[in-house]
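Subject: Structure handover

Hello,

Here is the structure I promised to pass on. Please open it alongside this email.

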Amino acid sequence: MTKLERMLKYVSEHNDFYKRRIKEYGITNPLDITQWPILTRKELQENRYNMFSDGYKSKYLHQQLKRQSSSGSTGIPVTVYWDYPDYYASTLHLWRRRYLHYGVVPNDRRVTFTLNTFNLKYKVDDVLYKYYSPTELSFNISLIQETVLYNKVIDIIDEFQPKWLYIQPFILQKLLLSYIKNDKKPPKSLAYIESVGELLTADLKQKVIDFFKVPIANLYGSEEMNGIAFECPHNHMHIISENVHVQQSDFNGSSIITSLTNKAMPLIRYDQSDIIKIRSLSDSCSCGFSDPVIDIITGRSSENLYTKDGFELNSLLLMEIIAEVNNQFDDIVISYNFIYYKQDHKLKCYIKVDSFRKEWFYSIQSSINEIFKRKISSNINIVIEVCSMNEYQNPLGKQKILKIVD
């Protein structure tokens, strides 16, 4: 029995949500993945407290599960819970490949860039950062709005002397420009860069290799699944088959992914909403892995604009605002979109709150206003207005949370 079949057998016997799906969709052979329906983000969001397998609801109530929340880059944030042993087993497969390909291990010094709100933080000229451990330095990227602040970032990185960077291409490009502009060299300790969040363009990748003179690899992953595909030294984005089963939708090419390790809150044929192209290799790759490869990943991008004040308004900042609200109010915002009106310097935020907590709307409205004002300079001329999603009759595309209107 394969790992996929074992997971399908498990959910068909130990998970009430999937038992109902078997009946609802007339699944005759639960071990046949093709008979299972696609699980949408909306379904996951609406059923996030009803998807626990036998015995795990109690662990959730006793706060014994690991909570993983997506940033909501599609405008629909979701939360997934893991039993800790399963979570570590899931990430182990990625760590194994990191070590085999690039010599990176968990206790190596690394720098990460996050949207998360810090409880404990350091601040140098508006650059917020935190040492999660002696080996991990993390920056809050949504608050780094001015290019000059990257000068401080590289100073802090140089002092830390990391072995590798875990970084989004949007940030990597700014970091590279800052090093070049200030005629500074990267840390001598740096041996590897990992690009996450969106696909690294070939042009930027070559510039990074030429300047940093270290290998760089793409990681395709998500908070819902952990590692999905990882680039080997031969430029193949191998699916991490020990962790996930990946399919390509016949309808629109969307990535349909099944977790092979999360028993607490299994995701079976989950629509990750990225457009991909899967290709099987005719021969084993020279890297030692023969998993199918993903040639194309689209639908993930960070938008940004500069206001007349010179302020950079980007989707990362907006995602962090919603993430902070959801951290405070237990995932109350279930979908959102932003529209920026250039002429009026107005940013409209359309939100939909949990139907069971509609009376909290004005508290959420106040919280978003407060967080936004805290995250931007007081002399920036932007007015934010928070509205109900019901007032917006033409919802934005699922991959676009920020729309710009002249």
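Below is what was found in it, region by region.

First, the overall picture. This is a predicted model. The protein chain has 406 residues, and 54% of them count as buried. It holds 10 helices and 21 strands. Among contacts with a separation of 6 or more, 63% are between residues 24 or more positions apart.

Start with helix H1 (residues 3-14) and helix H2 (residues 16-24). Their axes are 6 Å apart, and the packing angle is about 95°. That makes H1 roughly perpendicular to H2, because angles of 65 to 115 degrees count as such. H1 contributes Val-11, Ser-12, Glu-13 and His-14 to the contact. From H2 come Asp-16, Tyr-18, Lys-19 and Ile-22. By type, the contact residues of H1 with H2 are three nonpolar, two polar and three charged.

**Helices H6 and H7**

A second pair is helix H6 (residues 149-160) with helix H7 (169-181). These two pack at about 85°, with axes 9 Å apart. H6 is thus roughly perpendicular to H7. On the H6 side, the contact uses Tyr-150, Asn-151, Val-153, Ile-154, Ile-157 and Asp-158. H7 meets them with Ile-171, Lys-174, Leu-175, Ser-178 and Tyr-179. The make-up of this contact is seven nonpolar, two polar and two charged residues.

**Strand S8 and Glu-194**

Next, look at strand S8 (192-195). Both of its faces are covered. Tyr-192 and Glu-194 are buried on one side, Ile-193 and Ser-195 on the other. In a regular strand, side chains alternate between the two faces of the sheet. S8 runs parallel to strand S7 (residues 164-167), and four bridges join them. Trp-164 stands opposite Tyr-192 in S8.

Is Glu-194 buried or exposed? Glu-194 has 0% relative accessibility, so this residue counts as buried. Tyr-166 is 28 residues away from Glu-194 in sequence, yet their C-alpha atoms are 4.9 Å apart. Leaving aside residues up to four places away in sequence, Glu-194 touches Arg-98, Trp-164, Leu-165, Tyr-166, Ile-167, Ala-217, Leu-219 and Phe-230.

**Helix H8**

Which residues of helix H8 (residues 202-212) are buried? They are Leu-204, Lys-205, Val-208 and Phe-212. Down the helix axis they fall within an arc of 100°, so they line one face of H8. Their cover includes H7, S8, strand S9 (216-222) and strand S10 (226-231). Lys-213 follows H8 and has a positive phi, near 55°.

**His-238**

His-238 lies in strand S11 (residues 237-239). His-238 is buried, at 1% relative accessible area. Not counting residues up to four places away in sequence, its contacts include Arg-97, Ile-228, Ala-229, Phe-230 and Cys-232. Also touching His-238 are Leu-281, Cys-285, Cys-287, Phe-289, Asp-291, Pro-292 and Val-293.

**Gly-253**

Gly-253 sits in the loop between strand S12 (244-248) and strand S13 (254-259). Beyond residues up to four places away in sequence, Gly-253 touches Gln-248, Asp-274, Ile-275 and Ile-276. Lys-277 is 24 residues from Gly-253 in sequence and 7.0 Å from it in space, C-alpha to C-alpha.

Finally, the open sheet of four strands. The order is S20-S19-S18-S21, and the pairing is mixed. Which strands stand at the edges? Strand S20 (383-388) and strand S21 (402-405) do. Each has a single partner strand, so one side of each is left without a neighbour in the sheet. Neighbouring strands are turned by 20° against each other on average, direction ignored.

Strand S19 (residues 346-353) pairs with S20 in the parallel sense, over six bridges. Cys-349 stands opposite Val-386 in S20. Helix H10 (residues 361-375) lies across strand S18 (333-341), S19 and S20. H10 runs at about 160° to S20.

Best wishes

Key
Residues numbered from 1 in each chain as written. Predicted model: local features only at pLDDT ≥ 70, side-chain atom pairs only at ≥ 80, totals over all residues. Heavy atoms only, no water. Axes fitted to C-alpha atoms, helices over the stretch in contact; angles between N-to-C directions. Parallel < 35°, antiparallel > 145°, perpendicular 65-115°, else oblique. Contact = heavy atoms within 4.5 Å. Nonpolar A, V, L, I, M, F, W, Y, C, P; charged D, E, K, R; others polar. Pairing = 2+ DSSP bridges. Buried < 20%, exposed > 50% of the residue type's maximum accessible area, 1.4 Å probe, protein only. Arc of directions from axis to C-beta.
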